[in-house]
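Hi,

Here is the structure you were waiting for.

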Amino acid sequence: MESIALEGTPKTPTVNMDGATGIVEIKGRSIPENSIEFYRPLVEWLEEYSKEPQQITTVNIQLEYFNTSSSKCILDVFKKLEAIKKARNEVIINWYYEEDDEDMLEAGEDYESIIRIPFKMIEVVD
Amino acid sequence: MSFNIDERYSKMNQGEVLLAYKGSITAELITNVLGVVESKLDHVIDRSITKKKIYNILVESLQNLYHHVDDLPYMVNESMDIHFGIFVISKMDESYVIRTGNFIRNDKIKKLTERLDKIKSLTRDELKELYKFVLNNQKFSDKGGGGLGLIDIARRTGGGVDYEFDNYDNDYSFFSFKITIEN
């Protein structure tokens with residue numbers, strides 16, 4: 001399957017989704033007014049990928065900011081990953097947050113408690 | 001008593017004003033404002049976490065404004081910009097204050113008041129649970145969803161939100177929203 005590679009913009013994150021390596025990355029800012037449009041192809045890609053996933057899927061989320069419009073879409077991404085894990089594949093989720101950014105750490109914990117895949121919380125020190 | 005938009009605007013311009021705006025609220029405007037405020041914050045605040053918090057809340061409050069402005073009928077006020085709204089970002093003592101204002105149809109006031117009063121009454125943990133519940137259970141539209149923006153703002157500020165409504169005419173009122181971010 002084709003991979004996704006999107007450059008970040010002031011309102012949307014850098015995205016890399018590679019079916020050959022099973023690595024999914026979302027980095028930067030996610031603050032578009034309408035997030036559904038931006039995330040739809042990503043969720044569809046995961047849907048397709050979930051039919052034949054790699055043994056290990058590694059997900060790196062490193063967001064500086066995200067708005068509540070994105071938060072639901074990000075949950076949709078996680079729900080697709082949850083389905084991949086339920087089908088007995090390994091899914092590793094790395095949630096990066098800036099040193100002392102309690103809000104971002106808590107946001108990761110919120111998702112973790114909803115989707116029930118353990119997150120690896122990684123504090124990024126400058 | 002009649003509501004005067006200019007009086008309201010000058011009342012909102014309190015403290016050390018970083019940016020104040022009155023006019024059409026468009027997506028492009030918000031993008032520009034966020035850029036300007038971000039570089040301004042870089043100059044006035046050293047702590048990256050405080051900067052982030054203010055920026056996050058600003059994104060949420062301006063996008064809320066963008067999505068929820070009600071337009072007055074043209075007959076009522078033909079001089080008013082379309083999608084009219086106000087916002088002011090200022091520093092008062094050690095806190096940062098974001099104020100937004102927009103017209104709202106009177107029939108929406110009851111629901112919004114109930115929602116805001118509920119959010120204001122909740123503890124930090126209750127806000128967290130409500131946020132997760134709405135995130136996981138509510139259907140979202142292109143506009144966002146279920147008041148998640150307001151919950152998020154209350155969470156990040158520890159309930160530091162306030163509001164008032166000024167009656168404009170039989171159909172409309174002006175909604176003023178104030179967010180206080182302790183430094």
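First, the ground rules. This is a predicted model: local features need pLDDT of at least 70, side-chain atom pairs count only at pLDDT 80 or more, and totals for chains, interfaces and linings use all residues. Residues are numbered from 1 along each chain as its sequence is written, chains are lettered from A and ligands numbered from 1 in the order written, and side-chain values use heavy atoms, with hydrogens and water left out.

Chain A

Chain A has three helices and six strands (DSSP runs, numbered from the N terminus: H or I of at least four residues for helices, E of at least two for strands). From the N terminus the order is β-β-β-α-β-α-β-α-β. The C-alpha atoms fill a box of roughly 35 × 30 × 25 Å along the principal axes. Of the 126 residues in chain A, 49% are buried (under 20% relative accessible area; exposed is over 50%, partly exposed in between; 1.4 Å probe, protein chains only).

The interface

The contact (heavy atoms within 4.5 Å) takes 26 residues from chain A and 31 residues from chain B. Together the chains bury about 2600 Å², 48% of it on carbon and sulfur atoms. Buried area here is the accessible area (1.4 Å probe) that the two parts lose on being put together, summed over both. On the chain A side, Glu33(A), Tyr65(A) and Thr68(A) supply 24% of the area that chain A buries, more than any other three residues.

Ten salt bridges cross the interface (a side-chain nitrogen of Lys or Arg within 4 Å of a carboxyl oxygen of Asp or Glu). One of them pairs Asp103(A) with Arg156(B), at 3.3 Å, N to O. Strand 4 (56–66), helix 2 (68–86) and helix 3 (102–115) of chain A each supply at least two residues of the side that touches chain B. Helix 3 of chain A gives the largest share, six residues.

Two backbone angles

Most residues other than glycine have a negative phi. Which residues here have a positive phi without being glycine? Asp100(A) is one, with phi near 70°. Asp100(A) sits in the loop between strand 5 (90–98) and helix 3 of chain A, and is partly exposed at 48% relative accessible area. His83(B) is another, at about 60°. His83(B) lies in the loop between helix 3 (48–68) and strand 2 (84–92) of chain B. His83(B) is partly exposed too, at 23%.

Best wishes
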